[in-house]
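User: I'd like to learn how to read side-chain contacts and pockets in a model like this one. Could you walk me through it?

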Amino acid sequence: MDCIDNIILCTDSYKVSHHFQYPEGTSLVYSYFESRGGKFPTVTFFGLQYILKRWLVGKVVTEEKIEEAKQIYKLHFGTDMFNEEGWKYILQKHNGHIPLRIKAVPEGTVVPCKNVLFTVENTDPNVPWLTNWFETLLVQIWYPCTVATNSRAMKATIAEFLQETADSLDNLPFKLHDFGFRGVSSVETASIGGVAHLVNFVGTDTVAGLVMARKYYRCEMAGFSIPAAEHSTITTWGKNHEKEAFANMLHKFPKGLVAVVSDSFDIFNACENVWGKQLKDMVIQRGQSESCLVIRPDSGDPHVIVLKVLNILEKCFGSTINSKGYKMLPPYLRVIQGDGISLETLQGILAKIKGDGWSVDNVVFGCGGSLLQKVNRDTQRFAYKCSYCVVNGVGKEVYKAPITDPGKNSKKGKLTLERENGTFVTKQGGTGNPEKDVLVPVYENGRLLKEYTLDEIRENAKVDIILAARNGHQNGI
């Protein structure tokens, strides 16, 4: 049996010995998950439903899995450290269902850092060690949360510039395309990160994310793409036949959107002479059927290249002025920049485009490694900590307060997440009002209690609050 199919093996080694370590008479361990602050001031909560449905729903403990874990841990530790009795109790008493209760903020909710995002507690007093056994697995939600948060920050940035330079925000959902599949560590990573991006946008080339959305978030089709060239489909024609390679793209895809990478040899010559002269009539004629050619530069400094490409295309095809006073290429012509894009470079590129009098509606962006791979748990300093326990029938607040790093101080007691004055506040020590608690019961004793669709999650994550704060204007996007 593969480790990935055995929940008893999905933990850190040291947790295998923790059932020996809790005080005698411990019957409840209550823990919580939060972002202790990081690159972004808020977190877009997403991905717990996948973990629960993939790993914890139904009968997940069997005699065979217990035996496999027993053998592996004995070899690993060199002694009998494994809590075989505890796991057999779960199998016999709960029919292999995990006796935990999890409450969580609704998926897609945007929560300021340093607030509780979900809580976990054991429902059977005989297995208090179980709560933190699953820390390893549950903390992996850091990844979809961070991707969704980063993607949403880029959406807010693009939205701000669109609002200033474009006639409408209609194209915003397509403005950041996921190019990250090949740049991540595994297909599962691509699946999880891909659907996390789709919380905010609908453009993707990461097919694994679409499958994840269908299977775990009840979305028949979460994202869209278009026919597009790669360098091999252009360079195999030869340097002296770039015109024929480009023309072939227009012939094979006579209607709709088509993207053509154009920097295989000389992006500026391709824009000015091949597209702008030799194939100009074909591009214009194709546009009469409401079709659009998207030219893709893919090398060089994007702060420089994008603007230079726009100016060359204007020289060849002309431009108009929109209602905001910014230049627009003809509707049959756009640009996509997919190389070197991150939140930081995106801000600079958009400022350059706007500063030169162009609407940012002329450009679409693609993002790969910076979207799905260049993140880690410390990007938002996620942590899972115990805050309450019951020992010999007495409840006790639990916390850590290391003198060497106050930033790692943890919360105390039972927690609620409540709204006060338009924001979220975590109430500690059982002082909160359960009726105002935003945390929703999502899992109990092997059952999924609440299931979110991707449409519901997108509604929760829309960027209207950000735009309202920046522009005194509210849009649900």
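User: Let's begin with one side chain. Is Glu-135 buried or exposed?

Analyst: Glu-135 counts as buried, at 16% relative accessibility. Here buried means under 20% relative accessible area, exposed means over 50%, and partly exposed is in between, with a 1.4 Å probe and protein chains only. Before going on, bear in mind that this is a predicted model, where local features need pLDDT of at least 70 and side-chain atom pairs count only at pLDDT 80 or more, while totals for chains, interfaces and linings use all residues. Residues are numbered from 1 along each chain as its sequence is written, and side-chain values use heavy atoms, with hydrogens and water left out.

User: Which residue forms a salt bridge with Glu-135?

Analyst: The general idea first: side chains of opposite charge can pair when their charged atoms come close. The cut-off for a salt bridge is a side-chain nitrogen of Lys or Arg within 4 Å of a carboxyl oxygen of Asp or Glu. For Glu-135 the partner is Lys-15, and the closest N and O atoms are 2.7 Å apart. That pair links distant parts of the chain, with Glu-135 in helix H5 (residues 135-138) and Lys-15 in the segment before E1, 120 residues apart. Helices (H or I, at least four residues) and strands (E, at least two) are DSSP runs numbered from the N terminus. Lys-15 is buried too, with a relative accessible area of 4%.

User: How many salt bridges does the structure hold?

Analyst: There are 20. One of them joins Arg-54 to Asp-5, with 3.9 Å between the closest N and O atoms. Arg-54 sits in helix H1 (residues 48-56) and Asp-5 in the segment before strand E1 (26-35), so this pair ties together parts that are 49 residues apart in sequence. Both ends are partly exposed: Arg-54 has a relative accessible area of 25%, and Asp-5 comes in at 40%. Arg-296 and Asp-298 also meet in a salt bridge, at 3.2 Å from N to O; there Arg-296 is buried at 14%, whereas Asp-298 is partly exposed at 21%. You'll find a network of salt bridges as well, linking Glu-63, Lys-70, Glu-84 and Lys-88.

User: On to the rings. What is the arrangement of Trp-87 and Trp-133?

Analyst: A pair of aromatic rings is described by the distance of the centres and the angle of the planes. Rings of Phe, Tyr and Trp (its six-membered ring) pair if their centres lie within 6.5 Å; planes under 30 degrees apart count as stacked, over 60 as edge-to-face and the rest as tilted. By this rule the count comes to 15 aromatic pairs. Trp-87 and Trp-133 are edge-to-face, with 5.2 Å from centre to centre and 70° between the planes. Since Trp-87 belongs to helix H3 (residues 84-94) and Trp-133 to helix H4 (residues 130-133), the pair ties together parts that are 46 residues apart in sequence. Trp-87 is buried at 0%, and Trp-133 is buried at 3%. Trp-133 also pairs edge-to-face with Trp-129, at 6.0 Å and 75°. Elsewhere, Phe-33, Phe-45, Phe-118, Phe-382 and Tyr-384 form one aromatic cluster.

User: Which residue lies over the face of Phe-268?

Analyst: That's Lys-308, at 4.1 Å from the ring centre. A charge sits over a ring if NZ of Lys or CZ of Arg is within 6 Å of the ring centre and within 35 degrees of the ring normal. Lys-155 does likewise over Phe-201, at 5.9 Å.

User: How many disulfides does the structure hold?

Analyst: It holds 0, a disulfide being a pair of cysteine sulfur atoms within 2.5 Å. For Cys-271, the nearest cysteine sulfur is that of Cys-316, 8.1 Å away, which is too far for a bond. Cys-271 is buried at 0%, and Cys-316 is buried at 9%.

User: Last one: which elements give two or more residues to the lining of the largest pocket?

Analyst: Rolling a probe the size of a water molecule over the atoms shows where empty space is left. A pocket, on a 1 Å grid over the protein atoms alone, is an open set of points where a 1.4 Å probe fits, with protein on both sides within 12 Å along at least five of seven lines; lining residues have an atom within 4 Å of a point. The largest pocket has about 1,200 Å³ of space, and of the 37 residues that line it, the closest to its centre are His-177, Ile-226, Ala-259, Ile-336 and Val-364. The elements you asked about are strands E7 (257-261), E8 (292-296) and E11 (333-337), and E8 gives the most, with 3 residues.

Technical notes. Points joined across faces, edges and corners; volume = space filled by probe spheres on them.
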